[in-house]
Amino acid sequence: TLNRHQVYAGKGYIPALLYLLLGSLTFEFDMLTPLLIGSTFLILSLPYIITISREGFENNRLFVGGFMVGLAALSYLPLAQFLLLAAFGVVLFASNTFRSFLLMLCGFAFPYAVLTTYYLYTNTASHFLKMHLLQPWQFGFNPLVPPSQLPLA
């Protein structure tokens with residue numbers, strides 16, 4: 001994808017090779033996890049975000065790019081941070097920055113709007129809010145040994 005859109009000065013397959021080699025070393029790429037599904041959507045969003053946007057001609061491309069990042073965030077919520085990276089891409093490659101970023105932001109919010117509408121109709125929106133939007137940000141500390149059994153000296 002990056003070679004097709006000439007992001008680098010020279011064409012090479014070193015980034016893809018590194019992705020494949022490093023991915024083979026971790027257990028995340030050996031099983032179907034939310035992070036792997038979300039990473040797939042992020043890779044699919046790259047051609048839509050890095051292409052040069054001309055005003056009025058290819059506005060739907062940024063919407064689709066934001067939509068793909070939104071699907072990635074639905075799969076694994078911390079991937080929503082890649083919206084900032086996509087915003088940086090819009091600043092570099094878009095002709096009308098604010099309008100293009102707003103279009104991408106609407107594309108990002110669209111999957112959430114559809115899913116929230118479904119959960120509102122089924123009266124489970126509070127569960128969606130608690131389990132998807134708030135759960136990944138609740139950090140806890142679970143020690144292996146209770147503090148009362150630790151030696152003082």
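User: Leaving aside its neighbours within four places in sequence, which residues is H132 in contact with?

Analyst: Contact means heavy atoms within 4.5 Å. Here, leaving aside neighbours within four places in sequence, H132 is in contact with A73, L74, L77, Y112 and H127. Please keep in mind that this is a predicted model, where local features need pLDDT of at least 70 and side-chain atom pairs count only at pLDDT 80 or more, while totals for chains, interfaces and linings use all residues. Residues are numbered from 1 along each chain as its sequence is written, and side-chain values use heavy atoms, with hydrogens and water left out.

User: Which side chain does H132 make a polar contact with?

Analyst: A polar contact is a pair of N or O atoms within 3.5 Å; within protein, one must be able to donate a hydrogen and the other to accept it, and residues adjacent in sequence count only if both atoms are side-chain atoms. In this model the side chain of H132 has such a contact with the side chain of Y112, at 3.2 Å.

User: Is H132 buried or exposed?

Analyst: Buried means under 20% relative accessible area, exposed means over 50%, and partly exposed lies in between (1.4 Å probe, protein chains only). H132 counts as buried because its relative accessibility is 13%. Of the 153 residues of the protein, 24% count as buried.

User: Where is H132 placed, and how many helices and strands does the protein have?

Analyst: Helices (H or I, at least four residues) and strands (E, at least two) are DSSP runs, numbered from the N terminus. H132 sits in helix 6, residues 125–134. The protein has 6 helices and 0 strands, giving the pattern α-α-α-α-α-α along the sequence.

User: What about Q135?

Analyst: Q135 lies in the segment after helix 6. With a relative accessible area of 37%, Q135 is partly exposed.

User: How are two packed helices described?

Analyst: They are described by the angle between their axes and the distance between the axes. Axes are lines fitted to C-alpha atoms, for helices over the stretch in contact, and angles run from 0 to 180 degrees between N-to-C directions. Take helix 4 (residues 82–93) and helix 5 (residues 97–121): their axes come within 9 Å and cross at roughly 150°. That makes helix 4 roughly antiparallel to helix 5. Angles under 35 degrees count as roughly parallel, over 145 as roughly antiparallel, 65 to 115 as roughly perpendicular and the rest as oblique.

User: Which residues meet between helix 4 and helix 5?

Analyst: From helix 4, L83, A86, A87, V90 and V91 meet T97, S100, F101, M104, L105 and F108 of helix 5. By class, this contact has 9 nonpolar, 2 polar and no charged residues. Ala, Val, Leu, Ile, Met, Phe, Trp, Tyr, Cys and Pro count as nonpolar, Asp, Glu, Lys and Arg as charged, and the others, Gly among them, as polar.

User: At what angle do helix 2 and helix 4 pack?

Analyst: Helix 2 (residues 34–50) packs against helix 4 at about 20°, with the axes 9 Å apart. The two are therefore roughly parallel to each other. In this pair, L42, I49 and I50 of helix 2 meet F82, A86, G89 and F93 of helix 4. The classes are 6 nonpolar, 1 polar and no charged residues.
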